[in-house]
Amino acid sequence: MNGADRFFVDTNVLLYSVDASAPRKREAAREWLDTLWQRGAGRLSWQVVNEFSANAERKIGVGRTTARATARVWAEWRPVGHSLALLERAWHWMDEAQVAYWDSLIVAAAEQAGCGWLLSEDFQAGQRFGPVTVVNPFVQNPGDFQGLGRRG
């Protein structure tokens, strides 16, 4: 699988997948996550897993047991870890693209994971960071990408 086939998932997509107060976004997030899971095309970082774990219960009202179990499931995607190299690349994006610190870590992790795409509503759709292009998962669907359409 090459980078054009890999999608880095930002925290907001995971959170919307369990957010009962936003049914349209919940459905879109679940479609994306189900498709990426089936295709083996999803990637994320420990930062994303940590942010999900911290915010699912506090901001969305997901029960503690469910939030923790869900975080364990996302850990199966073998998240990108923290390292000095990741931090250095994040600093690059802070300086080069004027990206905020936490967002720059997301971009750097997407690069490190070899992703061609970053699924997030927190960046401008179509924005490019080197080989990574931002996709708003609530505007586009998996079928818009060759090889990610629904199975026959």
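**Getting to know this protein**

Reader: How much accessible surface does the protein have, and what percentage belongs to carbon and sulfur atoms?
Author: Accessible areas come from the Shrake-Rupley method with a 1.4 Å probe, and for residues only the protein chains shown count as cover. The accessible surface of the protein comes to about 8000 Å², and the part belonging to carbon and sulfur atoms is 47%.

Reader: Thanks! What kind of model is this?
Author: Residues are numbered from 1 along each chain as its sequence is written, and side-chain values use heavy atoms, with hydrogens and water left out. Local features need pLDDT of at least 70, side-chain atom pairs count only at pLDDT 80 or more, and totals for chains, interfaces and linings use all residues; this is a predicted model.

Reader: What is the radius of gyration of the protein?
Author: This radius is taken over C-alpha atoms, and the globule rule is 2.2 Å times the number of residues to the power 0.38. For 152 residues, a compact globule would come out near 15 Å, which agrees with the protein's own 15 Å.

Reader: Is Trp102 buried or exposed?
Author: Buried means under 20% relative accessible area, exposed over 50%, and partly exposed in between (1.4 Å probe, protein chains only). Tyr101, at 31% relative accessibility, is partly exposed. Trp102 has 54%, so Trp102 counts as exposed.

Reader: How are the rings of Tyr101 and Trp102 arranged?
Author: Rings of Phe, Tyr and Trp (its six-membered ring) pair if their centres lie within 6.5 Å; planes under 30 degrees apart count as stacked, over 60 as edge-to-face and the rest as tilted. This rule gives 12 aromatic pairs. Between Tyr101 and Trp102 the centres are 4.9 Å apart and the planes make 75 degrees, and the pair is edge-to-face.

Reader: What about Phe123 and Phe129: buried or exposed?
Author: Their ring centres lie 5.8 Å apart with planes at 75 degrees, so this pair is edge-to-face. Both Phe123 and Phe129 are buried.

Reader: How far apart in space are Ala85 and Ala22?
Author: Ala85 sits in helix H5 (residues 84-97) and is exposed, with a relative accessible area of 56%. In sequence, Ala85 and Ala22 are 63 residues apart; in space, C-alpha to C-alpha, the distance is 37 Å.

Terms used: Helix = DSSP H or I, 4+ residues; strand = E, 2+ residues; numbered from the N terminus.
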